[in-house]
Amino acid sequence: MIDFLIIGGGIAGTSAAARLSELGSVTLLEREDALAYHASGRSAALFEENYGKPSTIALNGASHAFHIDADVLSPRGLLLIGTPESGAAFATDQTTMHLDPITVAEAQTMIPILDDSKIDRAAYHADAWDIDTDRLIQTFARQARQNGGQIATKAEVTHITRTATGWDVTTANATYTAKSIVNAAGAWVDIIAQMAGIAPLGFKPLRRSMARIPAPGGHDVSAWPILFGPGENWYAKPDAGALIVSPADEDQVAPHDAYADDMILAEGLARYEAHVTEPVTRLLASWAGLRTFAPDGTLVLGPDPADPQFIWCAGQGGYGMQSSPGASQLLADIIGGRPSTLDAATIAALSPERFT
């Protein structure tokens, strides 16, 4: 019998597999051909410690050292720009993310295509980092395997049965018997819960679209910071010699293999173009991912109050990559009955018990 059967091979499930493999036997089931196919593989991949709700920020802080040790971070920086019309949203973002004010001229030295006839304010934070998402996923997967963990791809769960000692979980090719299920199925977590006879928590998959455009004006964008519009209603980030622009959309959709909405992309690109001197003339590619949130927007980590052998590792939203080391460590500490470095208020804010 498997101690921990983890459903979902994104960053949530893979990091949970690594941590829980220190406590017992682990098998991870991923429905796709490879790990991190859905939201995890389509992330903007930024580590900004002050980004998110208070409990997420606490997880980010608990993750920093792991990211450094795993050598998955590279310098990026974060630049917020604003206009006279967006002053209130700009001020809120600057305060929330602890950004330092700089002049528009200083901002233009970082990103020369900024339009100073439109932009009248800017703020910057150097301690924002790119995350090597593939390296992070593989670091966790390797750790799980080194501890005897098994990872099965092309293993979509089709049926779950509660037994006297745990669970029988059926896929197209096998049935697995486990003491505990870890529900790390991303946008599908409520569906997995219902299959197991557990009350769903009301998770919301929200689409986030991306467009990849050529480097504006032929500039070398490699050293540009990530660029945020006020109120995070668009952002742009260098990516392999090109630029990713997102409308930062949050449209609720059913769980599926997401794709970008052309109209939403066009609106987001227009918001980006309103702040720069170089128009967008063509797209290199476009895609979308699902950022899945609990009703209160906070991660859900720990056993379900109605059945402690059903464990939630869900609701990472847009923070899964940056918070995964801290979140998975907390999950293992809870399951292993060990003290956590996180404070009691943060742990309570992340617990499934908050929904009872």
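Start by selecting Arg162 and Trp167: the charged end of Arg162 sits over the Trp167 ring, 4.7 Å from its centre. Keep in mind that you're looking at a predicted model.

Now pick Arg31 and Trp188 for another charge over a ring. Arg31 lies over the face of Trp188, at 4.8 Å from the ring centre.

On to rings with rings. Searching the whole structure turns up nine aromatic pairs. Select Tyr51 and Tyr319 for one of them: this pair is edge-to-face, with 5.3 Å centre to centre and 70° between the planes. Colour by sequence position here, because Tyr51 comes from the loop between β3 (46–48) and α2 (54–70), while Tyr319 belongs to the loop between β20 (307–314) and α8 (320–336), so the pair ties together parts that are 268 residues apart in sequence.

The largest nonpolar core has 57 residues, and Leu79, Leu114, Ile160, Tyr272 and Trp312 have the most contacts inside it. Centre on Leu114 and show its neighbours: leaving out residues up to four places away in sequence, Leu114 touches Leu79, Ile81, Ala107, Gln108, Ile119, Leu227, His275, Val276 and Thr277.

Last stop: select Ala17, Leu20, Phe47 and Ala332. They're among the 38 residues of a second, separate core. In soluble globular proteins, nonpolar side chains tend to be buried together.

How values were computed: Residues numbered from 1 in each chain as written. Predicted model: local features only at pLDDT ≥ 70, side-chain atom pairs only at ≥ 80, totals over all residues. Heavy atoms only, no water. Phe/Tyr/Trp six-rings, centres within 6.5 Å; stacked < 30°, edge-to-face > 60°. Helix = DSSP H or I, 4+ residues; strand = E, 2+ residues; numbered from the N terminus. Lys NZ or Arg CZ within 6 Å of the ring centre and 35° of its normal. Core = buried A, V, L, I, M, F, W, Y, C linked by side-chain atoms within 4.5 Å. Buried < 20%, exposed > 50% of the residue type's maximum accessible area, 1.4 Å probe, protein only. Contact = heavy atoms within 4.5 Å.
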